[in-house]
Amino acid sequence: EIHPGAQIGKRFFIDHGMGVVIGETAEIGDNVMLYHGVTLGGTGKDKIKRHPTVGDNVLIGAETIVLGPINIGSNTKIGAGSVVLEDIPANVTAVGSPTKIVRKDGMRIKPTDPSEFTKAKKHAV
């Protein structure tokens with residue numbers, strides 16, 4: 001179920017499309033791959049931008065739920081069955097519910113809450 005208002009980039013691929021939901025204000029970059037059962041949905045609380053923005057070169061695993069007007073950074077992988085409710089930075093692998101970042105720039109790291117990356121970025125400015 002893909003809303004016709006969703007913006008989808010080049011070379012978008014859904015592997016086994018059963019159960020995929022992409023909301024009206026979702027934005028999907030180039031070279032994105034979704035597996036079956038992925039939801040890019042809204043929370044119902046936001047009035048204008050209600051759905052996720054997904055960067056380029058992103059892979060989202062089966063049965064993952066991504067909700068709200070959040071950003072998924074480019075070159076990111078999200079593991080199957082994850083529930084994503086906050087921004088995920090670029091160049092990471094995130095898994096689970098609640099989502100934890102377990103790889104950064106290809107290197108394994110201690111599981112970290114995505115908000116820790118946001119805090120670090122704000123302090124670095």
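**Exercise 1.** Leaving aside its neighbours within four places in sequence, which residues is Ile22 in contact with?

*Solution.* The model is predicted: local features need pLDDT of at least 70, side-chain atom pairs count only at pLDDT 80 or more, and totals for chains, interfaces and linings use all residues. Residues are numbered from 1 along each chain as its sequence is written, and side-chain values use heavy atoms, with hydrogens and water left out.

Step 1. Contact means heavy atoms within 4.5 Å.
Step 2. With neighbours within four places set aside, the partners of Ile22 are Glu1, Ile2, His3, Ala6, Phe12, Ile28, Leu34 and Leu40.
Step 3. Ile22 also belongs to the largest nonpolar core, which has 21 residues. Such a core is a set of buried Ala, Val, Leu, Ile, Met, Phe, Trp, Tyr and Cys residues joined through side-chain atoms within 4.5 Å; buried means under 20% relative accessible area (1.4 Å probe, protein chains only).
Step 4. Ile22, Leu34, Leu40, Val54, Ile60, Ile72 and Val84 touch the most other members of this core.

**Exercise 2.** State in what order the strands of the open sheet lie, and describe their pairing.

*Solution.* Step 1. The chain holds 1 helix and 15 strands. These are DSSP runs numbered from the N terminus, with helices (H or I) of at least four residues and strands (E) of at least two.
Step 2. The open sheet has 7 strands in the order β2-β5-β8-β11-β13-β14-β15, with mixed pairing. Its edge strands, β2 (13-15) and β15 (107-112), each pair on one side only. Two strands pair if DSSP finds at least two bridges between them.
Step 3. Strands β5 (residues 33-35) and β8 (residues 59-60) run parallel and are joined by 2 bridges; Met33 has Leu59 of β8 as its bridge partner.
Step 4. Strands β11 (residues 77-78) and β13 (residues 92-95) are likewise parallel, with 2 bridges, and Lys77 stands opposite Thr93 in β13.
Step 5. Strand β14 (residues 100-104) runs antiparallel to β13, through 4 bridges. Val95 stands opposite Lys100 in β14. The hairpin of β13 and β14 has 4 residues between the strands, and Gly96 there takes a positive phi near 95°.

**Exercise 3.** Determine how the radius of gyration of the chain compares with that of a compact globule.

*Solution.* Step 1. The radius is taken over C-alpha atoms, and the globule rule is 2.2 Å times the number of residues to the power 0.38.
Step 2. For 125 residues a compact globule would have a radius near 14 Å, and the chain, at 14 Å, agrees.
Step 3. Along the principal axes, the C-alpha atoms fill a box of roughly 40 × 30 × 25 Å.
Step 4. Buried residues make up 34% of the 125 residues.

Conventions: Buried means under 20% relative accessible area, exposed over 50%, partly exposed in between (1.4 Å probe, protein chains only).
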